[in-house]
Amino acid sequence: MPELPEVETTRCGVSPHIKNNRVTEVIVRQKKLRWEVSPSLSKNLVGNIISDVSRRGKYLLFESMNGTMLIHLGMSGSLRIIEATEPAGKHDHVDLILENGNALRYTDPRRFGCVLWQKKEEGIHPLLLNLGPEPLSEEFDCPYLYRKSRGRAGLIKSFIMDSKIVVGVGNIYANEALFLAGISPKRAAGNISKARYENLVLSIRKVLERAIEAGGTTLRDFTNSSGEPGYFKQSLNVYGRGGGECRICKTPLKEIRISQRSTVYCPSCQH
DNA sequence: CGAGCAACCTGCATGC
DNA sequence: TGCATGCAGGTTGCTC
């Protein structure tokens, strides 16, 4: 569910409902997530106002006076605004009850996500400390990516999925961006020309921007819709289409595994 | 330092 | 129908 565009969509959907609202109660039903839910979460949030909801990579940051609640959705997490009285399901692990009668509900069947508290005086959270640039920022450009790639023997797909290099490029969009750029996922990162990196940077941006726009479409009924958007499925060129025809040249798409992740590419268009 | 991989968990599709 | 297997949109932290 949550690639960067999904996280951004979540942020946009949740933010207007929670921003400038006061937290009256924090309910933790399951504290064992990827890391234990910060025990001080309730103590620090109750009575305080969420002043802003921002995003760094796939982390959502809920700012308050004395610190930041950091949420990662992992593989299966989601956030919704609900009425505070709505009964909790099996995987509804954390609720932030708001003064206006709504609640922010964190749901995560696989529990790969996290809900953490970072005190203001502790500065930037260790998890955010070594993250690379945002893919949609100016900092992420060809000279940067090319410079980082030199001397790298690892595969280009793993390289662009490395959050120390650039944040927010998950498995779906790594596959899609490499297809758009015409680069084989099996190429060594250090072996690709500057010109092709220019193309790759543009492709990563394009694929993420388009997906965020598509996410924006589902944004309107964000609080009403509980189901999957399904909007981007149609625009995927390779992901989930192994064995199918390349949309450009009709060659059957190959499916392999790179670092245990499903990798699909066109053996004819991508080199 | 870089590269590769196990680990964290549940749900779902598939095959016997 | 039941059970075993493999796979899933992420990321850390361990080995080598």
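Colleague: Which kind of oxygen of DNA strand B is 3.3 Å from a polar backbone atom of Pro109?

Modeller: A sugar or linking oxygen. Before we go on, this is a predicted model, so local features need pLDDT of at least 70 and side-chain atom pairs pLDDT 80 or more, while totals for chains, interfaces and linings use all residues. Residues are numbered from 1 along each chain as its sequence is written, chains are lettered from A and ligands numbered from 1 in written order, and side-chain values use heavy atoms, leaving out hydrogens and water.

Colleague: What makes the pairing at Pro109 a polar contact?

Modeller: A polar contact is a pair of N or O atoms within 3.5 Å; within protein, one must be able to donate a hydrogen and the other to accept it, and residues adjacent in sequence count only if both atoms are side-chain atoms. The distance at Pro109 is 3.3 Å, so it falls within the 3.5 Å limit.

Colleague: What stands out about phi at Arg111 and Gln260?

Modeller: Both are positive in residues that are not glycine: near 60° for Arg111 and about 65° for Gln260. Most residues other than glycine have a negative phi. Arg111 sits in the loop between strands E7 (102-107) and E8 (114-119), and Gln260 in the loop between E9 (254-258) and E10 (261-265). Strands (E, at least two residues) and helices (H or I, at least four) are DSSP runs numbered from the N terminus.

Colleague: Why is Gln260 called exposed and Arg111 partly exposed?

Modeller: Exposed means over 50% relative accessible area, buried under 20%, and partly exposed in between (1.4 Å probe, protein chains only). Gln260 has 67%, so it is exposed; Arg111 has 34%, so it is partly exposed.

Colleague: Why is Ala174 called buried?

Modeller: Its relative accessible area is 0%, so Ala174 is buried. Ala174 lies in helix H6, where ten of the eleven residues are buried. Its C-alpha is 6.8 Å from that of Ile160, 14 residues away along the chain. Just after H6, Gly182 has a positive phi of about 70°.

Colleague: Why does Asp95 count as buried?

Modeller: Asp95 has 1% relative accessibility, so it counts as buried. Asp95 is in strand E6 (residues 92-98), and its side chain makes a polar contact of 2.6 Å with the side chain of Arg29.

Colleague: What makes a group of residues a nonpolar core?

Modeller: The members are buried Ala, Val, Leu, Ile, Met, Phe, Trp, Tyr and Cys residues joined through side-chain atoms within 4.5 Å. The largest such core has 28 residues, and Leu145, Ile156, Phe159, Ile160, Tyr197, Leu200 and Ile204 have the most contacts inside it. Helices H4 (142-149), H5, H6 and H7 (194-219) each supply at least two residues, and H7 gives the most, with seven. In soluble globular proteins, nonpolar side chains tend to be buried together.

Colleague: Why does Val37 count as buried?

Modeller: At 2% relative accessibility, Val37 counts as buried. Val37 is in the loop between E1 (21-28) and H2 (41-45). Val37 and Leu116 are 79 residues apart in sequence, with their C-alpha atoms 5.7 Å apart.
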